[in-house]
2 protein chains.
Amino acid sequence: MTWMRRTPKENPHLNFMKLAVAEASAGVRKGHGGPFGAVIVRKGKIIARAHNEVVSTFDPTAHAEVMAIRKASGKLKTFDLSGCELYTTCEPCPMCLAAILWARIPRVYYGCTRRDADAIGFRDDLFYAKTRIRLGAGTVRLVPLGRRECLRVFREWANKKDRVVY
Amino acid sequence: MTWMRRTPKENPHLNFMKLAVAEASAGVRKGHGGPFGAVIVRKGKIIARAHNEVVSTFDPTAHAEVMAIRKASGKLKTFDLSGCELYTTCEPCPMCLAAILWARIPRVYYGCTRRDADAIGFRDDLFYAKTRIRLGAGTVRLVPLGRRECLRVFREWANKKDRVVY
C-alpha cells in the first residue's frame, strides 16, 4: 500500500520534522551538544528553531526543546505559546515535557523515542524510570512522527569520535 | 524548648535560604515574575543566586531554580553541578526537579510547598497532579527548610496590586 502514503512534499508536519533533524545535525557538527533539534511553528510558520547546546554553553537545561521555547517566547514576547506546535527529534525528557506544559504548547510531534536516546548513551529512559512522569488528560498531546529521519542524526552522533557525553 | 533551637546565625542552611528569600523579594519588587528565589552553594560558598524572571523575559522556563542552574554552570564552566546544593524558596516544580536531576545536584533545600504555591495562584500543584512525578532512589534528596521565612515573600506577592499571573 506504499503508493497510498503521502509523499514528504505533501506532509508539512514531516517537513518541519526534517528541519528539526537539520538543526540537530548542525548542532552535532558544531559540537554544541547531543543530537537533538526542535522547531516551533504557529499557523504553519516557523517561529523558532534550535538545537541542544548543553556542551557549548555548559547549561544542563539547554535542551533543544527548552532552547526553542526560549527563542519562541522571546520572539513573540509572551510566555504563552498555546497557539504553537513543537517538532522535536526525540521524545521530550521530563524537564522539557514540563517546560512544554508551562509554555502551554498543546501538541508535540517527536521522532526518536526515549529508548532510542538511551541506546546512544543519554539518560532519558533512566530519568523516566526514576521520575515516573505520566501525563494526565488536558495536558499535551504527543504524536510520533519521522522516527526514521531522526534516527539518522542519532547515528551521526554515535559515530562522532569527539562527542562529549553528559 | 525554644532555648535549645539553633539561632539563625548558627544555621548556615537557613542563612542561605534567607538569601533565596531576599532574591525572591527583589524579583517581586522589580516585577520580574513570581515570588521565587534560589541560591546555589558549593562548599559553603555562594556560586549563584537568581529569581524567577518569567514575566520580564517572557521565558516560561525562567524559574528561579533553572536561572540559578544556568548561572552556576556558566560560572563553573561545567554542566555537572554534583558538588553543589540548591536552596529554593518553594518546592521545585517538575521542570525544575528534572533540571536539578540533569545538573546532578544531590540535595535541595526548599521552603514553601507546592500547595503554598497553589494557594497564591501558581499551577505547581496541578502540574504535580497531572504529571505524577515521583522521585526514585538515588536521585535527589529534598529537605524542607525555612517555610515561615519563605511564606513572607508569598504574601508580598499576593498583596501586590500589579502582579502578572502566568
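## Antiparallel helices at the chain A–chain B contact

Helix α4 of chain A and helix α4 of chain B are roughly antiparallel to each other, a class for angles over 145 degrees. In this predicted model, the two helices, each spanning residues 94–102, pack at an angle of about 155°, with their axes 8 Å apart. The axes are lines fitted to C-alpha atoms over the stretch in contact, and angles run from 0 to 180 degrees between N-to-C directions. The crossing of α4(A) and α4(B) is left-handed, the near helix being turned anticlockwise from the far one by less than a right angle.

## Residues of the contact

From α4(A), the contact (heavy atoms within 4.5 Å) involves A:P94, A:M95, A:A98, A:A99 and A:W102; α4(B) contributes B:P94, B:M95, B:A98, B:A99 and B:W102. These residues comprise 10 nonpolar, no polar and no charged; Ala, Met, Trp and Pro are among the residue types counted as nonpolar.

## Chain A

Chain A contains seven helices and five strands, defined as DSSP runs of at least four residues (H or I) and at least two (E), respectively. Their order along the sequence is α-β-β-α-α-β-α-β-α-α-β-α.

Of the 166 residues in chain A, 56% are buried, that is, under 20% relative accessible area with a 1.4 Å probe. Among contacts in chain A with a separation of 6 or more, 62% join residues 24 or more positions apart. Chain A exposes about 7700 Å², of which carbon and sulfur atoms supply 53%; accessible areas come from the Shrake-Rupley method with a 1.4 Å probe.

## Basis of the description

Residues are numbered from 1 along each chain as its sequence is written, and chains are lettered from A in the order in which they are written. Local features need pLDDT of at least 70, side-chain atom pairs count only at pLDDT 80 or more, and totals for chains, interfaces and linings use all residues, while side-chain values use heavy atoms, with hydrogens and water left out.

Note on methods: Parallel < 35°, antiparallel > 145°, perpendicular 65-115°, else oblique. Buried < 20%, exposed > 50% of the residue type's maximum accessible area, 1.4 Å probe, protein only.
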